[in-house]
Amino acid sequence: MMAPPSKGSLLLKKTALSLVMTLLVLGTLEGGLRLIHFQYEPRQKLLWKPTVAGFVGTQEFYIQTEFAPPGYIWVSQPNTPYTDRYGFRRPELPYQKTPGHYRIAFLGGSTTQGGYRPYPERVARLLNSVAGEPRYEALNVGCSSYSTHQSLIALDRWVLPRKPDLVVVYHGWNDQLVQSDGYSDHEKDALMETAGTGQDGTSWVRRLYIARLAGRLGAWADRSWPRPRVPLARFEANLGAIATKCAEAGVPLRIVVRPESRAYPLPPYETQALAYYERIYHTTHTPDLYQAIHAGYSAAQRRVAESVPGAAAYDAWATVNRLQERKESGEFGPDVDIWQSDAIHLKPLGEELMAQDMAMALVPELKPALEAYVKSAGYWMGLAQEFLREDLPFEAAYSARRAAEADPAQKEAADALRIQAESLFEFARLFEDGRWGGRDNDFESKLRKLGRCLQIRPSDSGVLTQIFRVCLYSGKPERAADLMKAFQPANAQDQYEWLNMMLHSLLAGQRIGEAGPVAGQLLKMNPQHPQARQVLQYLQTHPAGRP
């Protein structure tokens, strides 16, 4: 007589049968979905990082960024004219703080990392000017597109180990943005850990039709998608964590309350973002959204500043409102703006004036000396000269007027600076309109304005680049060559770049014969230039320059 099967073997058989049946059901479902050609691309998280860009006069510069795991964070390319060996903004500071120095660490996105001269640099310069020695240090760890998610990581990894005396954090712009994938920064930490390259290693799963169906059902059930990079509740939690970590390290924290632009009409929000904003704020009207988002994120900043020991608010909202009132009164002149067109970044004079106020708030014991300094003719004369060097003539003219008002003895020198600045007004207006992304949106008008810029400054390589870029990005690269002929290169590097652009434009217009001499000049400068060699080889068999 055979023994009855044991409970263990029965369980094993039932498990195996269940597994087989499950596989049969899934296989049948997979086959059925394939037969009907079920289509759905499951959502996937994407790792994204920015390219940092800015202008120095007419010259546009770019800095790449690289991922810096663990965590979803990136850092700027190190060792550039603008970044130190760590990818932080120059000037580079020693890892160990110099005894007697006061180190202020700044966290934030592009509004903190800044363009050519960011506000942290301006704050330190103002403080050192009245201190009479380079005692105050600005450790600028901000990076383009950082949210509080990245700054919380940066605080632990790069800021607190460098022993700051004070931490300043300025956020609220990038956190509320909705990325194209609709996922939050926090959700991407795990993806960065497993991949670090933007791929999550599950592409083979996504090819299954069952996965498509599961994705479709999951998408239907996920009513909170799309989500901003840092939803408001997490934004407040991130700021609270930054404040708590600073308090535990005995470092005071200043939270910059996000200002609000009056520069309507504002740039429109993307369609992806509107789905979220309409659900949360019940409107898609851009000005109403801008104000509602500002109210929510700035209120969170104030709550954290009031609730965590050692934290306090720096009210940039009130500061910049006063600047906007001064602009509206006509103080700065019609061509000086406080805000850039994106209603996020301040323009150089706006940054300088905010830095004045911030320096007094961060180091209150120096406030009387700072107040006297920023009223002095010497300060405004120096600022006028700096703005002139940076191709900011409207700001230079305003500064020169302030210098003349501050000290009649300086009026003659200040007037000379003002007249010099005013002579550059035409060029500045034309360039601001004509450059790619500039105020004028008409292609032909942009070319006319940039052409006039090149007449005024025939050796300005920044204007040359903008002529080429406007034509290229408008899908008309062949139009650039005729305008660029007027360029007069000032050095070998400019000549090489000019010849490259000319060759590209001439070939786009199928002007092969005219491209020959340009190719010949390029080969003299670079015998290995592949495109130039191809042009000359072609012309050897087609002397007329025609196909």
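**A walk through a predicted model**

Hi everyone, let me start with a single residue. With a relative accessibility of 0%, A532 counts as buried. Please keep in mind that what you are looking at is a predicted model.

So where does A532 sit? Its place is in helix 23, which covers residues 530-541. Which residues does A532 touch, once we set aside its neighbours within four places in sequence? The contacts are L503, A519, L522 and L523. Let me pick out L503 from that list. In sequence, A532 and L503 are 29 residues apart, while their C-alpha atoms are 8.0 Å apart in space.

Now let me step back to the whole chain. The protein has 547 residues, and 48% of them count as buried. It contains 23 helices and nine strands. If you take the contacts between residues at least 6 apart in sequence, 69% of them join residues at least 24 apart.

Five strands make up an open sheet, in the order 6-5-7-8-9, and the pairing is parallel. At the edges you find strand 6 (136-140) and strand 9 (311-314), each of which pairs on one side only. On average, neighbouring strands here are turned by 25 degrees against each other, ignoring direction. As a reminder, strands of a sheet pair through backbone hydrogen bonds, and they do so either parallel or antiparallel.

Let me zoom in on strand 7, residues 166-170. How many bridges does strand 7 share with strand 5? There are five bridges, and strand 5 (residues 102-108) and strand 7 pair in the parallel sense. If you want to find this on your screen, look for I104, which stands opposite L166 of strand 7. Further along, L107 stands opposite V169 in strand 7. V169 has a partner in strand 8 as well: its bridge partner there is I255. Strand 7 and strand 8 (residues 253-256) are joined by four bridges and run parallel.

Is strand 7 enclosed or open? Five of its five residues are buried, so strand 7 is largely enclosed by the rest of the structure. In a regular strand, side chains alternate between the two faces of the sheet. In strand 7, L166, V168 and Y170 point one way, V167 and V169 point the other way, and all are buried.

There is a helix to look at here too. Helix 3 (residues 119-131) lies across strand 5, strand 6 and strand 7, and its direction is at about 175 degrees to strand 6.

That brings me to helix packing. To describe two packed helices, we use the angle between their axes and the distance between the axes. I have two pairs to show you.

On the helix 8 side, the contact is made by L232, F235, E236, L239, G240 and A243, and on the helix 10 side by G296, Y297, A300, Q301, R303 and V304. Sorted by type, the residues of this contact between helix 8 and helix 10 are seven nonpolar, three polar and two charged.

The second pair is helix 19 (residues 461-473) with helix 21 (residues 492-508). Here the axes come within 11 Å, with a crossing of roughly 20 degrees. Helix 19 and helix 21 are therefore roughly parallel to each other as well. Which hand does the crossing of helix 19 and helix 21 have, left or right? That crossing is left-handed. From helix 19, the residues S461, L464, T465, F468 and L472 meet D494, W498, M501 and H504 of helix 21. The contact of helix 19 with helix 21 divides into five nonpolar, three polar and one charged residue.

One last stop, this time in a loop. L392 sits in the loop between helix 14 (377-389) and helix 15 (393-406). Is L392 buried or exposed? The cut-off for buried is under 20% relative accessible area, and L392, at 18% relative accessibility, therefore counts as buried. Leaving aside neighbours within four places in sequence, L392 is in contact with P348 and F387. Finally, take a look at L392 and G57: they are 335 residues apart along the chain, yet 7.3 Å separates their C-alpha atoms.

How values were computed. Residues numbered from 1 in each chain as written. Predicted model: local features only at pLDDT ≥ 70, side-chain atom pairs only at ≥ 80, totals over all residues. Heavy atoms only, no water. Axes fitted to C-alpha atoms, helices over the stretch in contact; angles between N-to-C directions. Helix = DSSP H or I, 4+ residues; strand = E, 2+ residues; numbered from the N terminus. Parallel < 35°, antiparallel > 145°, perpendicular 65-115°, else oblique. Left-handed = near helix turned anticlockwise from the far one by under 90°. Contact = heavy atoms within 4.5 Å. Nonpolar A, V, L, I, M, F, W, Y, C, P; charged D, E, K, R; others polar. Buried < 20%, exposed > 50% of the residue type's maximum accessible area, 1.4 Å probe, protein only. Pairing = 2+ DSSP bridges.
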